Amino acid sequence: MTALAAAVSPLLTRLAAERATGALLRDRGTLFLEDGRIVHAESPATPGLDVLLTTGGGLAPERWREAVDRAGARRQVARFLVDSGGLAGGELEICHLAAIFDAAFFALSPGSGPSRFRRGATHWIGSVRSVPAAAVERETRRRRELLDAVWPYPQLDTSPVVPRAAAPGQTVTARQRALLAHADGLRTPADLAWVLGRPAFHTLLDVRRLAAAGLVETPLAPVRAVRAATTLPDWMTDTQSPDVALLRRLRDALEASL
């Protein structure tokens, strides 16, 4: 294993080798493991699975609340959503995969503090799909490198997004227009991710691409930190929506490696 790979999370690597089950807790997120594989992840820096499915997807908010009320305490929310006909299994799987990679990116960030492991802890969402810890670490490293390759100004990630006028003839995609329409000079990328129902990492990437194109101001110095998470019961969390094409490619690659 390279030094770079080891730097992501030595404890996660060890837990995967031990086929451990429980929750790996860090300041910026939590990874849930079963037999050494990651079965869920959540972070206060990212929208949760509920937002991905409702704001960014086709699930009615009341169906989500019903699933949590009726199956949350039994840790079978995912099973209830599919069995009740509220959601197709494929849509749930793609959004769940988005939530894992999105939250893991922040949970495994260098400034996420010390790691603790709560052995035997499980998540209320229940069984959807498990992902090898090594695949999550690889994707986390790739995402870090991608952000800097696009526009190496990390202060954009926590600063209010300030739009700039497009140059004559400059094209703006529909996805970019939607983001810019909600960028009021006060909302950070994290705020925009929640409003749009998109994964937080994809929103960071969109903002850096817009900045590289001159469509968003690049701040000269870091500003305020990411907002604090809302406190929820132990078996609950929040959610948001994915880049489906990318996630399908990730899922296909994972299946090919199993």
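View 1. Strand S5 covers residues 131-132, and its pairing with S3 is antiparallel, over two bridges. Strands here are DSSP E runs of at least two residues, helices are H or I runs of at least four, and both are numbered from the N terminus. Two strands count as paired if DSSP finds at least two bridges between them. The model is a predicted one, with local features needing pLDDT of at least 70 and side-chain atom pairs counting only at pLDDT 80 or more, while totals for chains, interfaces and linings use all residues. Residue numbers start from 1 along each chain as its sequence is written, and side-chain values use heavy atoms, with hydrogens and water left out.

**View 2. S2 and S3 make a hairpin.** Two residues sit between the strands, and Asp35 in the turn has a positive phi of about 55°. S2 (residues 29-34) runs antiparallel to S3 over five bridges, and Phe32 has His40 as its bridge partner in S3. Five of the six residues of S3 (37-42) are buried, meaning under 20% relative accessible area with a 1.4 Å probe and protein chains only (over 50% is exposed, in between is partly exposed).

**View 3. The open sheet has five strands, in the order S4-S1-S2-S3-S5.** The pairing is antiparallel, and the edge strands S4 (116-119) and S5 each pair on one side only. H6 packs on this sheet, touching S1, S2, S3 and S5, and its direction makes about 75° with that of S3. A contact is heavy atoms within 4.5 Å; axes are lines fitted to C-alpha atoms, for helices over the stretch in contact, with angles from 0 to 180 degrees between N-to-C directions. At the S4 end, S1 (residues 22-26) pairs with S4 over four bridges, and Ala23 has Arg118 as its partner in S4.

**View 4. The second largest pocket holds about 350 Å³ of space.** Helices H6 (89-107), H7 (133-150) and H10 (200-212) each give two or more residues to its lining. Of the 18 lining residues, Arg28, Phe105, Ser109, Leu147 and Asp157 lie nearest the centre. A pocket is an open set of points on a 1 Å grid over the protein atoms alone, where a 1.4 Å probe fits, with protein on both sides within 12 Å along at least five of seven lines; lining residues have an atom within 4 Å of a point. Points join across faces, edges and corners, and the volume is the space filled by probe spheres set on them.
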